[in-house]
Amino acid sequence: MKPAPFTYHRARDVEGAVALLAELGEDAKYIAGGQSLVAMMNFRLARPAHLVDLTGLRGELSSIRNESGGLRIGALTTHHQVENAPLGQDFAVLRDTMKWIGHLPIRTRGTVGGSLAHSDATAEWCLLAVLLGAEVVVQGSGGLRRVPAEDLFLGFFTTALEPEEMIIEVVFPRAASHAALTEYAERRGDFAIVAAAVDLDAKRVVLGGVAPVPLRVPEAEAVLANGGTFAECAEAAATAIDPPADGNGSADYRRALTRTLLVRACAEAMQ
Ligand code: FAD
């Protein structure tokens with residue numbers, strides 16, 4: 001299937017693109033890697049009348065910089081760039097997680113900003129951003145603002161972004177040298193049925209695929225903070241969540257995956 005007709009616009013700079021989107025209104029959308037949006041357009045799940053192509057902004061928005069304020073990743077950085085970046089032990093969890101995103105051709109086109117804006121509840125970037133307390137820097141008509149990742153995701157494919165707001169970069173403020181993300185999908189490259197992420201230093205636990213947004217689990221975090229075992233942490237998470245049932249599995253199946261994956265993530269994070 002092919003998308004409904006649309007008018008193509010090429011962004012030349014960030015301010016111009018934001019002004020254009022504000023002028024075109026809710027019928028317009030940014031396109032970055034196109035790895036989610038084009039599929040949705042082909043299935044007619046999205047029918048934007050205008051597409052504003054951000055790929056011309058790559059020079060400006062695709063860098064990875066480790067600075068005193070944290071690790072800053074430009075919105076147009078691809079998953080594959082992060083996979084190959086010399087991130088060191090402090091941010092190894094970002095690099096090591098990229099292998100879970102689709103297949104290589106998807107990772108060479110799909111972008112960090114596109115993933116965050118698309119806001120799939122099992123998307124690895126959304127989980128990592130919540131796990132590591134990231135801030136998302138956004139340019140809108142009124143200027144720049146920083147949105148904590150936990151406030152960005154409001155529900156299934158829904159974010160706190162205004163229609164014209166563009167993600168510029170994501171900032172990971174602290175090192176995470178004992179963190180890991182693992183997941184289960186039926187076929188390699190598919191979105192996860194359940195994903196489990198843990199940061200043992202910050203005592204954070206985040207699950208994907210068990211709620212409409214990446215879910216922090218305070219009950220499991222409390223077990224880590226009190227020196228409990230990884231199995232106790234996983235059991236606390238499985239008991240606390242109320243996962244959905246769908247064609248990919250029942251709620252009990254997702255609880256069972258949570259038990260297994262969280263222990264595995266904790267063990268990987270220890271290493
Ligand atoms: P696009 O598709 O271009 O855009 C997605 C949405 O974000 C659109 O609404 C667009 O308007 C908006 N947008 C894009 N950039 C910005 C910005 N800078 N500011 C504001 N809004 C913006 N992803 C995973 O996380 N895990 C997976 O396992 C996975 N598997 C996949 C398997 C397949 C077969 C395919 C086709 C895709 C898969 N993906 C997966 C999706 C992939 O990671 C996409 O790259 C990502 O979801 C969207 O990034 P994009 O740059 O392609 O965004």
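Me: Is Arg-44 buried, exposed or partly exposed, and what is its relative accessible area?

Reply: In this predicted model, Arg-44 sits in the loop between helix H2 (37-42) and strand S3 (50-53). Arg-44 is not a glycine, and yet its phi is positive, at about 60 degrees. Buried means under 20% and exposed means over 50%. Arg-44 is therefore partly exposed, with a relative accessible area of 31%.

Me: Is Ser-119 buried or exposed?

Reply: Ser-119 has a positive phi of about 60 degrees and is not a glycine. The loop that holds Ser-119 runs between helix H7 (112-118) and helix H8 (124-131). The relative accessible area of Ser-119 is 2%, so Ser-119 is buried.

Me: Which residue has a backbone N or O atom 2.8 Å from an oxygen atom of the ligand?

Reply: Lys-29 has a side-chain N or O atom 3.4 Å from an oxygen atom of the ligand. For Gly-102, a backbone N or O atom lies 3.3 Å from a ligand oxygen. The backbone atom at 2.8 Å from a ligand oxygen belongs to Ala-32.

Me: What share of the ligand's accessible area does the protein cover?

Reply: The ligand is surrounded by 30 residues, with Tyr-30, Ser-36, Leu-37, Thr-111 and Glu-124 the closest. On its own, the ligand has 970 Å² of accessible area, and the protein covers 88%.

Me: Which element gives the most residues to the shell around the ligand?

Reply: Strand S2 (28-31), H7 and strand S10 (166-172) each give two or more residues to this shell. The shell divides into 14 nonpolar, 12 polar and 4 charged residues. With 4 residues, the element that gives the most is H7.

Technical notes:
Residues are numbered from 1 along each chain as its sequence is written. This is a predicted model: local features need pLDDT of at least 70, side-chain atom pairs count only at pLDDT 80 or more; totals for chains, interfaces and linings use all residues. Side-chain values use heavy atoms; hydrogens and water are left out. Buried means under 20% relative accessible area, exposed over 50%, partly exposed in between (1.4 Å probe, protein chains only). A residue is near a molecule or strand if one of its heavy atoms lies within 4 Å of it. A polar contact is a pair of N or O atoms within 3.5 Å; within protein, one must be able to donate a hydrogen and the other to accept it, and residues adjacent in sequence count only if both atoms are side-chain atoms. Accessible areas come from the Shrake-Rupley method with a 1.4 Å probe; for residues, only the protein chains shown count as cover. Ala, Val, Leu, Ile, Met, Phe, Trp, Tyr, Cys and Pro count as nonpolar, Asp, Glu, Lys and Arg as charged, and the others, Gly among them, as polar.
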